[in-house]
Amino acid sequence: MAVYLTLTAAVLILALKVDNHIYAKQQMTGLVAYGTDRQKAQNIVAALGIYILMAAVSACRIAVGNDYWVYRENFKLIYAGREVASEPGFNFIVYWMQKLWGYDNYLPIFGLFSVVTVAFMVKSLYDQAEWFFGSLFLLLTSGYYFSSLNSVRYYLVVAMVMYATKYLLREEYLKFALWIAFAALFHKSVLLVIPSYLFLYWLSKKRLKAWVFAAGGALIVSMVLFQDVYRRIIFLFYPYYEESAFDTGSISIVNVGMGLCCLVLCFLCYGVWKEDNAHIRFYVWVNAAGLVINTFGSFIPEVTRVGNYFKVIQVFLIPALLYHLPDGKLKKVLTAGTAAAFLIYFAFFLKSAYDVDIRILPYRNWIFD
């Protein structure tokens, strides 16, 4: 645990040196001003230091994560040409990494996916987070970064969703769709993001009318009444999930609570995104969609993973709301309350990280072990 706490403190100290809100705004509009100055140079150096620290901790791990050795066995099966459940892009890289480094030489494979995943995470924050420190704080305390030490394929595509979102905000729809399609080579469930995000972006540009609430209510009712229909569709793509250990019919009360709290924060900061800041309106809709999935999607195997494609946008949404809130008592209270809430969550997350179904603690690395 000391490694994780030290890493968190170190990268957040570096994040204090990053002031990229102008650059992020340019990135989200596609109007990037090239050139350099002292602040830009400081941003790049600090962000690079953050990346190196986070990538090093991730890439140097060994026997961390409940599926670490499962992945190792799958690596061997892939090399032998046996059938595995993972997608072709993942299988291709695993196969040729073993061709290059040798059969069952799994450390370079984990290392490669680690440095790429962290690269997408840090780059997405640098390009899109108007308050870089706040977004990095949430990425760490929400557990997204530390959970990536476990589910290799899944958190790679979550990071790619974070990165691809800027293209949607630029209305470069083809680039957005191509990035998500590429991510699907590693976890095909991410294809859900293309129609969902496009619809939510379109919705965020419309004024709220009665039909929007009626359609949302109808969707929720259908998720309650027609679960068997949804399940048949899901199992067309994931037949091996039916009645598996992942098909539990349960939901995460914590995820539901976090989504509700975030929605309350959105209403308290309504003036921030009512007229201006269209990107924040999109984030609000994505968070609302995640809340619906996490609340009413118990029939979905691994519903938390589906919900996380939407919930992860809180990393951008919450800091943006607080950043744009006018200076005053409300801003101080909401910022302090949000920080306290996520620190409490982080403490419970680290405590649960020893559980056998998570096992990202104790941390071990191949340099010293």
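I began with the second largest pocket, which holds about 1500 Å³ of space. Its lining counts 49 residues, and N150, S151, E302, R305 and D357 are the closest to its centre. I noted the terms: on a 1 Å grid over the protein atoms alone, a pocket is an open set of points with protein on both sides within 12 Å along at least five of seven lines, a cavity is a set where a 1.4 Å probe fits but cannot get out, and lining residues have an atom within 4 Å of a point. Grid points are joined across faces, edges and corners, and a volume is the space filled by probe spheres set on them.

This is a predicted model, so I kept its limits in view: local features need pLDDT of at least 70, side-chain atom pairs need 80 or more, and totals for chains, interfaces and linings use all residues. Numbering runs from 1 along each chain as its sequence is written, and side-chain values use heavy atoms, without hydrogens or water.

Helices here are DSSP runs (H or I, at least four residues), numbered from the N terminus. By class I have 23 nonpolar, 18 polar and eight charged residues in the lining. Ala, Val, Leu, Ile, Met, Phe, Trp, Tyr, Cys and Pro count as nonpolar, Asp, Glu, Lys and Arg as charged, and the others, Gly among them, as polar.

**Cavities.** I searched the whole structure and found two cavities of 30 Å³ or more. S58, R61, F113, S114, T117, V118, S148 and V152 line it. Helix α6 (residues 107-128) gives the most, four residues.

The second largest cavity has a volume of about 30 Å³. Its lining is N255, G259, N287, G290, L291, N294, K311 and Q314. Two or more of these come from each of α14 and α16 (278-296). α16 gives the most, with four. I count one nonpolar, six polar and one charged in this lining.

**Surface.** Last, I checked I233, which lies in helix α13.
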